[in-house]
Amino acid sequence: MLDRIGPEAARRFGDHPALLAADGTPVSYVELDRRSDAVAVGLARRGVGLGSVVALTLPSDPHYVVAYLALAKLGAVTAGVNPRLTDAERATALEVVGPDLVLTDPQDVTDLAVPGEAPPPLPHDPERPVAVVLTSGTTGRPRGAEFRVRQLEAITAADVGTTWGGGGPMLASTQFAHVGFMTKLAWYLRLGTTQLLIGRWRAATVLDQIETHRVPSIGAVAPQLARLLRDPTFDRRDLSCVQTIIAGAAPSPPALVQEAKARFGAAYSIRYSSTESGG
């Protein structure tokens, strides 16, 4: 699925930015497709192929997205592991996943690239595993939730149907290893969105991105929203672009909901979901 959507998105959206790195560097749809092709070839030469499991403990930057798409083009399985876990937590996560290869540094991805080459296309297989997403482990050891082609197709169909284009700027506010990114990258690409990457979350940085790029929807947990509202520059900013606030992963106190709705002038949606359901 991702192996097909990536090239088609490159054909449709060309030089439009798919990603805007934390330092402001854009990565176009064409560049994302080309770079993931080159890395896929390098991975194949390392023995990665159909059914291989590769863990990514990479930061949430363009290298992660390139690696994820490259692995999908080989029919390999991507298992994202949050690099901000403690050493012990990360070791447990890798034990659960049991990867054939672990990519730990962005330079690992860069070094794998074989410029100008691309892997052969894969046949469509709805049962081919694409990703393993780890649960939070709040009730014990984390578990790996597997997502196959048909499941990612279903998630994309539920969110965007067969639509191409129409997307705008979106703030990438969670780690890429999280279910919110791993299972939704396909529809981000399909809509032609620009993912705004911010590195470490800070209220002032998030507000800067929202105001500068006119972000229409904010995804956050309640404590983050409280931090945004308490930022001393909040009331001096033009945040009229915000239409919806989507909160999950923690309770939203009624007072926070009312204040956020009033001061952003936006609808507030509280989401309950699970990793196993694809978010």
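**Close-up 1. Helix 2 and helix 3 pack at an angle of about 60 degrees, with their axes 8 Å apart.** Helix 3 covers residues 62-74. Helices here are DSSP runs (H or I, at least four residues), numbered from the N terminus. Axes are lines fitted to C-alpha atoms over the stretch in contact, and angles run from 0 to 180 degrees between N-to-C directions. Helix 2 and helix 3 are therefore oblique to each other; angles under 35 degrees count as roughly parallel, over 145 as roughly antiparallel, 65 to 115 as roughly perpendicular and the rest as oblique. Helix 2 passes helix 3 in a right-handed crossing, where right-handed says that the near helix is turned clockwise from the far one by less than a right angle, and left-handed that it is turned anticlockwise.

A word on the model: it is predicted, with local features needing pLDDT of at least 70 and side-chain atom pairs pLDDT 80 or more, while totals for chains, interfaces and linings use all residues. Residues are numbered from 1 along each chain as its sequence is written, and side-chain values use heavy atoms, leaving out hydrogens and water.

**Close-up 2. Helix 1 meets helix 2 at about 150 degrees, with 8 Å between their axes.** That makes helix 1 roughly antiparallel to helix 2. The crossing of helix 1 past helix 2 is left-handed.

**Close-up 3. The largest cavity holds about 40 Å³ of space.** A cavity is a set of points on a 1 Å grid over the protein atoms alone where a 1.4 Å probe fits but cannot get out; a pocket is an open set with protein on both sides within 12 Å along at least five of seven lines, and lining residues have an atom within 4 Å of a point. Which residues line the largest cavity? They are Gly 6, Ala 9, Ala 10, Tyr 29, Leu 32, Asp 33, Leu 69 and Leu 189. Helix 1 and helix 2 each give at least two residues to this lining.

**Close-up 4. About 150 Å³ of space lies in the second largest pocket.** Helix 1 (2-13) and helix 2 (29-45) are the elements that give two or more residues to its lining. The largest share, three residues, comes from helix 1. Among the lining residues are Asp 3, Arg 4, Asp 37, Lys 73 and Pro 120.

**Close-up 5. Tyr 64, Phe 176, Phe 181, Trp 187 and Tyr 188 form one aromatic cluster.** Rings of Phe, Tyr and Trp (its six-membered ring) pair if their centres lie within 6.5 Å. The structure holds eight aromatic pairs.

Terms used:
Phe/Tyr/Trp six-rings, centres within 6.5 Å; stacked < 30°, edge-to-face > 60°. Points joined across faces, edges and corners; volume = space filled by probe spheres on them.
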